[in-house]
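Please read them with the structure open beside you.

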Amino acid sequence: MNAPVIRAFRKRVSEDAARIREESAVVRLVADPMSGEPPGRYHGLLSGVEHFERGPEGALRVSGLPLPFSLDFPDDYCSCTDGSLQLRVARVHASIAHPNLGPGGSVCLGPRFSPGTRLRPLLEHLHRICSGRVFASDSPWDPHAAEFFRRHPDRVRALRAEPLWQRPVAARVRVAAARREEGAR
C-alpha cells in the first residue's frame, strides 16, 4: 500500500471521529493509542440499539445492553481488491446473534462495502446491522440467526434503535427562534 495514501486516509478518519463525538449520543469512539499516529484502530460503543442475544438455552432474546465494537483500517484499506476486507474491518465484542456476525464477532459488511469507505457511512452501516435493519440471508455466517430473522421478520422489525445522529439543524432553528422572541420583548 502507498503509505502516504493510508496515512492521509487515517488522518481524515481521526478528524471525522472528533466530529462524530459531537454529533452522536449513540456511538462513542476512541482511538486505540497503540495503533499509531494517525490511528488505524478505534474502539467504540453503541448505546440505545436493541439486538438479539442467545439465552442460556439457545433461544434468542432482545437485549438493550451497549454493544462494544472495534474498527480497523489496515494498510490495504484503500486498495484491497479481494473480498476479504469487508470481513476484517469491524468486530463486535458482545454476544449478539445476527446472520452477518461470525467467529470472534467479525462483521461481514456485505458486498456493497468498498475499500476506502469513510467513517461516517461505515458507522451507519454497522448501526443498521446491529439493529437488525440489514442482514444477509443468502450466505450467512450464523445460519441459526438467519433462520430466526427469516421466520420472525416482525420481531426483527420491532427492534428499537436510537437515531445515530443528532439533528443540529433543528437545534439551530430553535435557538434562532428563541433569540428572535427575546429581541421582540
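1. Which helix gives the most to the lining of the largest pocket? Helix 3 does, with four residues; helices (H or I, at least four residues) and strands (E, at least two) are DSSP runs, numbered from the N terminus.

2. This is a predicted model, in which local features need pLDDT of at least 70 and side-chain atom pairs count only at pLDDT 80 or more, while totals for chains, interfaces and linings use all residues. Residues are numbered from 1 along each chain as its sequence is written, and side-chain values use heavy atoms, with hydrogens and water left out.

3. Four strands form an open sheet in the order 1-2-5-6 with antiparallel pairing, where two strands pair if DSSP finds at least two bridges between them. Strand 1 (27-31) and strand 6 (90-92) each have a single partner strand and stand at the edges, so one side of each lacks a neighbour in the sheet.

4. Strand 5 (residues 67-72) runs antiparallel to strand 6 and is joined to it by three bridges, and Phe69 stands opposite Val92 in strand 6. Helix 3 (residues 119-130) packs on the sheet, touching strand 1, strand 2, strand 5 and strand 6, and its direction makes about 145 degrees with that of strand 5. Contact means heavy atoms within 4.5 Å, and axes are lines fitted to C-alpha atoms, for helices over the stretch in contact, with angles running from 0 to 180 degrees between N-to-C directions.

5. Of the 21 residues that line the largest pocket, Leu109, Gly110, Pro111, Arg112 and His125 lie nearest its centre. A pocket is an open set of points on a 1 Å grid over the protein atoms alone, where a 1.4 Å probe fits, with protein on both sides within 12 Å along at least five of seven lines, and lining residues have an atom within 4 Å of a point.
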